[in-house]
Amino acid sequence: MLERDVGKHTTLRLTFLGSNDRVNVTLQPSQSTDPAFSGALSNATDFWRIQLQADSKLANGTKLFSQVSVGQDGLLLDLGSTLNANSTATRVQARAQFDAPIVKGLRVKGGADLEGGQWDYTLTFPQIPGTDSPDTGPLFGQKKLTSTRSFGYFDPAAFANVEMFPAKTVRVLLGGRVDSFGGTAGVYLQPRMNVRWILRGREGERTTLKGALGLYAQPPQVNEIDPVFGTPGLSANQATQASLGIEQELLRRVTVSLEPFYKNLFDLVSSRPDPTQPSGFRFGNEGTGFAYGLEVLLKYNPDR
């Protein structure tokens with residue numbers, strides 16, 4: 001990482017990230033319950049990114065942030081003679097955002113996320129069963145499917161928020177995000193809100209009530225929209241998420257937070273048998289579900 005100030009108001013940062021992992025195993029037929037997994041098994045994953053980032057703070061309190069990155073993800077998987085994958089994804093990502101004061105107690109934030117690139121892969125697998133599919137037995141007896149694809153993609157998104165302080169002890173964030181995923185049908189508007197209300201106390205003793213409500217979208221997995229293994233043209237998985245919690249300062253720098261949450265899941269990608277499809281399954285967005293839980297967070301705020 002290389003960081004340099006450019007003038008009084010702008011900082012530039014150049015970063016390189018990378019990782020390379022290799023696993024190789026030789027498995028004798030007598031050691032495997034499934035003959036498909038005997039022999040040499042190998043897995044290799046790697047990625048690298050070069051990022052250039054600029055942060056600026058203008059005289060009127062406006063903050064500007066921009067970042068562009070270029071990189072590549074690689075995957076090589078060989079599990080016996082049955083499961084093989086070779087994938088290379090070249091990615092270009094950019095993000096630009098601003099945070100500007102309008103009047104006292106009111107700020108506007110917004111920006112854009114852009115991602116695009118080229119994806120090349122070859123997959124040779126038996127049909128990948130869905131979470132609700134029955135057990136299909138040992139892999140060596142199943143029909144193998146192969147898909148080879150090379151395609152470009154572009155996923156643009158934009159977001160905007162209004163941050164308001166209607167009182168000294170209350171902070172409200174209202175906004176939303178719009179996503180368009182290249183491999184799915186439709187554009188996804190996701191409104192969101194976040195509220196923090198200091199109920200009582202001075203610094204080091206404050207009790208804060210906090211809540212959030214929002215809509216979120218996530219694209220299908222690549223195998224689910226593949227022409228051989230899945231069904232092209234699926235919609236995104238979606239969820240309405242809600243949380244309501246309390247935050248307590250125990251000491252000047254120590255805070256504990258309890259936050260129950262609930263998710264209502266809909267338009268989930270699911271599969272059903274269909275003999276007319278190459279894989280024997282057709283995917284759709286008929287799935288539903290829910291999730292709930294409690295997050296407990298103990299935090300020590302930075303000191304000198």
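Start with the charged pairs: the count of salt bridges in this predicted model comes to 18.

**Stop 1: Arg-91 and Glu-115.** Select both side chains. They meet in a salt bridge, with 3.2 Å from N to O. Arg-91 belongs to strand E5 (residues 83–103) and Glu-115 to strand E6 (residues 106–125), so the pair ties together parts that are 24 residues apart in sequence. Is Arg-91 buried or exposed? Its relative accessibility is 14%, so Arg-91 counts as buried.

**Stop 2: Lys-210 and Glu-259.** Here the N to O distance of the salt bridge is 3.5 Å. Strand E10 (residues 207–218) holds Lys-210 and strand E12 holds Glu-259, so this pair ties together parts 49 residues apart in sequence. Both Lys-210 and Glu-259 are buried.

**Stop 3: Glu-286 and Arg-272.** The side chains of Glu-286 and Arg-272 also form a salt bridge, at 3.5 Å from N to O. Glu-286 is in strand E13 (residues 281–300) and Arg-272 in strand E12, 14 residues apart. Glu-286 is exposed, with a relative accessible area of 51%, while Arg-272 is partly exposed at 41%.

Keep Arg-272 selected and show what surrounds it. Not counting residues up to four places away in sequence, Arg-272 touches Gly-280, Phe-281, Arg-282 and Glu-286.

**Stop 4: Pro-273.** Move to Pro-273, in strand E12 (residues 254–273). Pro-273 has a relative accessible area of 66% and is exposed. Leaving aside neighbours within four places in sequence, Pro-273 is in contact with Gly-280 and Phe-281. The C-alpha atoms of Pro-273 and Phe-283 are separated by 8.9 Å, and the two residues are 10 apart along the chain.

**Stop 5: a salt-bridge network.** Select Asp-99, Arg-107, Lys-109, Glu-163 and Arg-171 together. Salt bridges link these five residues in a network.

**Stop 6: the E1–E2 hairpin.** Strand E1 (residues 2–6) and strand E2 (residues 10–27) run antiparallel and are joined by 5 bridges. Asp-5 stands opposite Thr-11 in E2. There are 3 residues between the two strands of this hairpin, and Gly-7 in the turn has a positive phi of about 75°.

**Stop 7: a nonpolar patch.** Switch to a surface view and select Leu-2, Leu-14, Phe-16, Trp-48, Ile-50, Leu-52, Val-68, Val-70 and Val-92. Together they form a nonpolar surface patch with about 790 Å² of accessible area. E2, strand E3 (39–57) and strand E4 (63–79) are the elements that each give two or more residues to the patch. The largest share, 3 residues, comes from E3. Val-70 is in strand E4; at 39% relative accessibility, Val-70 counts as partly exposed.

**Last stop: the whole chain.** Zoom out and color by secondary structure. The chain has 13 strands and 0 helices. Its radius of gyration is 24 Å, well over the 19 Å that the globule rule gives for 304 residues, so the chain is more spread out than a compact globule. Along the principal axes, the C-alpha atoms fill a box of roughly 70 × 45 × 40 Å. Buried residues make up 32% of the 304 residues. The chain exposes about 18,300 Å², of which carbon and sulfur atoms supply 59%.

Definitions and conventions: Residues are numbered from 1 along each chain as its sequence is written. This is a predicted model: local features need pLDDT of at least 70, side-chain atom pairs count only at pLDDT 80 or more; totals for chains, interfaces and linings use all residues. Side-chain values use heavy atoms; hydrogens and water are left out. Two strands pair if DSSP finds at least two bridges between them. Helices (H or I, at least four residues) and strands (E, at least two) are DSSP runs, numbered from the N terminus. Patches are made of residues with over 30% relative accessible area and no salt bridge: like charges are joined within 9 Å, nonpolar side chains (Val, Leu, Ile, Met, Phe, Trp, Tyr) within 5 Å. Accessible areas come from the Shrake-Rupley method with a 1.4 Å probe; for residues, only the protein chains shown count as cover. A salt bridge is a side-chain nitrogen of Lys or Arg within 4 Å of a carboxyl oxygen of Asp or Glu. Buried means under 20% relative accessible area, exposed over 50%, partly exposed in between (1.4 Å probe, protein chains only). Contact means heavy atoms within 4.5 Å. The radius of gyration is taken over C-alpha atoms; the globule rule is 2.2 Å times the number of residues to the power 0.38.
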